[in-house]
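Subject: Structure handover

Hello,

Here is the structure for you to look over.

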Amino acid sequence: MREYVGDPSPDICLVDFDRERQSAALTAEQIHAAAPDTAIFAISTQRQPDRIIEAMRSGCSEYLVKPLDRDQLLNAVARVAARKRERKETYSGQVFAFVGAKGGCGVTTLATQFGALLASSLRRKTLVLDLHPDFGDAALYLGLTKTNYHFFELLENIDRLDTDFLRSFLVHHSSGLDLIPAPEGSGGSREIIPGALMQTVDFLRQHFEFVIADLPPGLNDETFEFIRGCDQLYLVTVAEVSAVRNVVRQMEYFARKDVPKDKIRVILNRHQKRSVVTDEQIEKVIGQKIYWRVPNQYPQVMKTIHEGDPVAQLSSSEVARNLKEWAGVIGKRSGAGNKDKRDNAKFFGLWNR
């Protein structure tokens, strides 16, 4: 196929899907494999959603309906130009894992609010991954009820992972935050291809400055693989005996698994100065300092969940100030965002003409 595509490969290739649809899909797949940087436009008289999905799955980035008009084609080329422009920026993003000492510690709330503040206040390109295998709430907490795909479907299609394919999984929040949600229902047991999880995470690092994972409570092979590969693990707890006991158990487990202790940061959520279980008692039991304390403002936090807009609803609250300070600490010391300034003059020269 390379000899037909040419070298250098074209920026755009048009494939007619009307004559022999299966042959056209196969051709698109071969072009995509031989020249992944070439944008493939499917052209057809058929508008059915299943036909469009079929073309997209074969590697096409645009689906144009005959008869072609000038505006339709120029708009498609403009979208390709925008994607080319985005590819000029590659990152070496940091990956943060949020996991609770037990259910109900507010992990999803912290992960979504922290991510939204990184995206809005610091203008950092941020992604939240909801890694709950069933019934994740990150999309709900952000008011993003219309989702098409979930993270485990992305893992199941690791062989097709590229920028355009990733884009179809992203759900965009008004704060600037992107989300890949969890399944809306129960999908039963999921068999993940060995290595697919961290291969996907490494790919996401190139496209985001920060990747924040909302991990389910409890530990399994996939959760531990993610923890081992992340840059920072935020272990979220509350000032309750059962939660603090679980922090101790988790720390012992991580120690047995050779997870570096300096990777683990304990976050005390719903912090109150006058608590039955004091900060000093917690630190003595867990054997390290509490890294961050998030104040207890339960009514305000519940309002953010109800409204689905953590930035607007928390804009003047103590919780917002606290999380902004935390985000500022992370953002200032981050080495993320190193840009690879490749020259796309040839393509944009074509577009200008």
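Predicted model: local features only at pLDDT ≥ 70, side-chain atom pairs only at ≥ 80, totals over all residues.

Nonpolar cores

The largest nonpolar core has 79 residues. Within this core, F98, F114, L129, F151, F226 and W326 touch the most other members. Helix α5 (residues 107-120) supplies the largest share of the core, with eight residues. I also looked at what surrounds F226. Beyond its neighbours within four places in sequence, F226 contacts V95, A97, L129, L131, L197, M198, V201, A213 and L215. There is also a second, separate core of 12 residues. Its members include F17, I31, I40 and Y63.

Aromatic rings

The count is 15 aromatic pairs. One of them joins F151 and F152. Their centres are 6.1 Å apart, with 75° between the planes, and the pair is edge-to-face. F151 counts as buried because its relative accessibility is 0%. F152 counts as buried too, because its value is 9%, and the cut-off for buried is under 20%.

F165 and F169 also pair. Their ring centres lie 5.1 Å apart and their planes meet at 65°, so this pair is edge-to-face. Both residues, F165 and F169, are buried.

One aromatic cluster is made up of F96, F98, F114, F210, Y234, Y291, W292 and W326.

Charge over a ring

Which residue lies over the face of F224? It is K257, at 5.7 Å from the ring centre.

Best wishes

Conventions: Residues numbered from 1 in each chain as written. Heavy atoms only, no water. Phe/Tyr/Trp six-rings, centres within 6.5 Å; stacked < 30°, edge-to-face > 60°. Buried < 20%, exposed > 50% of the residue type's maximum accessible area, 1.4 Å probe, protein only. Lys NZ or Arg CZ within 6 Å of the ring centre and 35° of its normal. Core = buried A, V, L, I, M, F, W, Y, C linked by side-chain atoms within 4.5 Å. Helix = DSSP H or I, 4+ residues; strand = E, 2+ residues; numbered from the N terminus. Contact = heavy atoms within 4.5 Å.
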